[in-house]
Each structure stands twice: as C-alpha cells, then as structure tokens.
Amino acid sequence: MEIISKLTGCGSYLPEHIVTNADLPKTVDTSDEWIFSRTGIRQRHFAAAGENTSDLALIAAERALLHSGVDGKDVDLIVVGTTTPDRTFPATAVKIQKNLGCKHGAAFDVQAVCSGFIYALSVVDCMLKTGQFKTALVIGADTLSRLLNWKDRTTCVLFGDGAGAVVVKAVEVDKNTPVDDGILSTHIHSDGNLEELLYCDGGPSTTQTTGYITMSGKDVFRHAVTNLASVVNEALAANNLEDNNIDWLVPHQANKRIIDSTIKKLNLPKNKVVLTVQNHANTSAASIPLALDFAVRNGRIKKGDL
C-alpha cells in the first residue's frame, strides 16, 4: 500500500465590506475604466477594523470542514499560507488550531505571498505521504489592505482581503492501482534574483514596521505569464498528460490580462479557466482556494475533474 493526498472539501470567505472601482476615485487618482482595462478587477473586499487574517481564515476553514464532513478536532495538521499574520509570532495557524479545538498535531505558517497556498499544499502533500499526519487543513489567507500605500495608485487598486481553505486527507491505495485521484504532483519554484520586482518595504529586522507593497508592474507581468505557463507544462509532463486532458485551470487571480496571456500560451479554451479576480482583486495566498471554492460551489468543478 502507498499513501496519497486527497482533497475532500473546500471553503472560502470574503469580508463584508466591498470597495468598488467607482469608490476609489474618492481617495486616489484613478478610474473604473483605468483599473478594469488593465486588470479586469471590478471590486475588492476589505477586512473591517478589528477583523484579522485569522478571523478570515477561521471562517474559510470551518466552511471547508463542513463541506468535507470532518470535525475540526480530528485535524492533526494545519498550514496557513499568509504574508499578513496576526502577529509576528506565534503563527496564525496556531490560533486556528486553538479556535477549532485541536489538541494534537502541528500548526505553522508558510510565507510565500501569492504562492503561499501552493507552497503550503506542497508541504502538506509531502507530510501526509510520510504517514506522519492523517487529516490536514491548508489555508490561504491575507489582509493585504493593511499593506497598501494609498499614494501609489499603481498598486493600491490591485489588492483585496480574503481566505480560502481545503481539507486534505491521507488515503491508502494499492501500489498496483494507477493513481488518477488526489494530488498527482506539486511543483514549486522561486528566483531570489527577482526579489526587487515585488516586495514590501518593511520588516521586523529592518524597519520594525509592516511597510507598503512596492511593484515593478511590467516586469512582474512578463515573468508571471512566462512562469505560469511553464509550470503548468511541467506538471503535465510529470504526469504524462496533455493540455487537452485538463478539465479546469484554477490560476492565481492577480490580473485578467496575465491569465488571458497564460492560457493563450497554453492553447487552453477560456471556458476551461476559472476567473474570479473581477469579484475580489488579488487576495494573495487566498486567491487560488477562493477561485477553487467558487467553481466547486457553482457546480463547474465536479468530483473526478482534473
């Protein structure tokens, strides 16, 4: 027998406060036409005063557990992808662990910004396959509204707050049975040489502040399109699959133009791509599980889909 990782449920949460493109000219020099034509974004959700990343993450986690039919007390591994933790330490994941009533196992955060959910999922996949844990919660949650510089109109219009979560279980399968279910493989990359293209200019060991998001938009766009397409092809090749085998692509929801350019490179039809960025802007680590949950809830993504 061998162990595979299976997604058994998903959930998401967006704060109640909605800020539309039409609202933004009141505070920054921009317009709905300027934002939408460049990004595809129509609105974003901002956390209320006193509403923290852990609050968003907990609701998404509870919804994923309900969808999966799993009691929170049975979860023995919680990994939260976030770049906006409630505190510098301890991890936001331990607050989720406490609020779900988990008394055993492990809980920690992964900081990989917009890649945070995929990094967290990759870590959990490996840990479940070792047999060390049985039931995991993987959460992507961020409150990027706390990192926005409202004097920088090129970045402040792009981001929003939200959370998404999935339940992942370790399942034993016969070694002789072809695995076409669960997580087939994970592929993560980074390039430290590009760190100046998108960063936050604060930090505990430098300024002792959270700082603001700073971005070289054109360069980020170019690298995003190239690397998103490349890693999809890498995943397909690793599993002896072709692009026409894909039922759905659920990409990071940063910018509609990035997504459109990526699927053009991949020769994928638009009706196979989940697009939600118009409803919530770039929610960083939350964006992929948010889009996944949206497509599962409205019936597009079904059990057995690739």
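The model described here is predicted.

Five strands form an open sheet. Their order is E1-E7-E6-E4-E5, and the pairing is mixed. Strand E1 (2-13) and strand E5 (106-110) stand at the edges. Each has a single partner strand, so one side of each lacks a neighbour in the sheet. Neighbouring strands are turned by 20° against each other on average, direction ignored. Within the sheet, E4 and strand E6 (residues 135-143) run parallel and are joined by five bridges. Gly81 has Gly140 of E6 as its bridge partner.

Helices pack on this sheet. H3 touches E4, E5 and E6. The direction of H3 makes about 145° with that of E5. H8 lies across E1, E6 and strand E7 (161-173). Relative to E1, H8 runs at about 85°.

The axes of helix H2 (residues 53-68) and H3 come within 10 Å. They cross at roughly 50°. The crossing of H2 and H3 is right-handed. On the H2 side, the contact involves Ser54, Ala57, Leu58 and Ala61. On the H3 side, Thr92, Lys95, Ile96 and Asn99 take part. By class, the contact has four nonpolar, three polar and one charged residues.

Some backbone features fall in loops. Most residues other than glycine have a negative phi, and most peptide bonds are trans. The peptide bond from Phe89 to Pro90 is cis, with omega near 0°. Pro90 is found in the loop between strand E4 (77-81) and helix H3 (92-99).

Ala281 is found between helix H7 (277-280) and helix H8 (287-297). Its phi is near 60°, a positive value in a residue other than glycine. Ala281 counts as buried because its relative accessibility is 0%, and the cut-off is under 20%. Ser284 lies in the loop between H7 and H8 as well. The phi of Ser284 is near 60°, again positive in a residue other than glycine. With a relative accessible area of 0%, Ser284 is buried.

Technical notes:
Residues numbered from 1 in each chain as written. Predicted model: local features only at pLDDT ≥ 70, side-chain atom pairs only at ≥ 80, totals over all residues. Heavy atoms only, no water. Helix = DSSP H or I, 4+ residues; strand = E, 2+ residues; numbered from the N terminus. Buried < 20%, exposed > 50% of the residue type's maximum accessible area, 1.4 Å probe, protein only. Pairing = 2+ DSSP bridges. Axes fitted to C-alpha atoms, helices over the stretch in contact; angles between N-to-C directions. Contact = heavy atoms within 4.5 Å. Left-handed = near helix turned anticlockwise from the far one by under 90°. Nonpolar A, V, L, I, M, F, W, Y, C, P; charged D, E, K, R; others polar.
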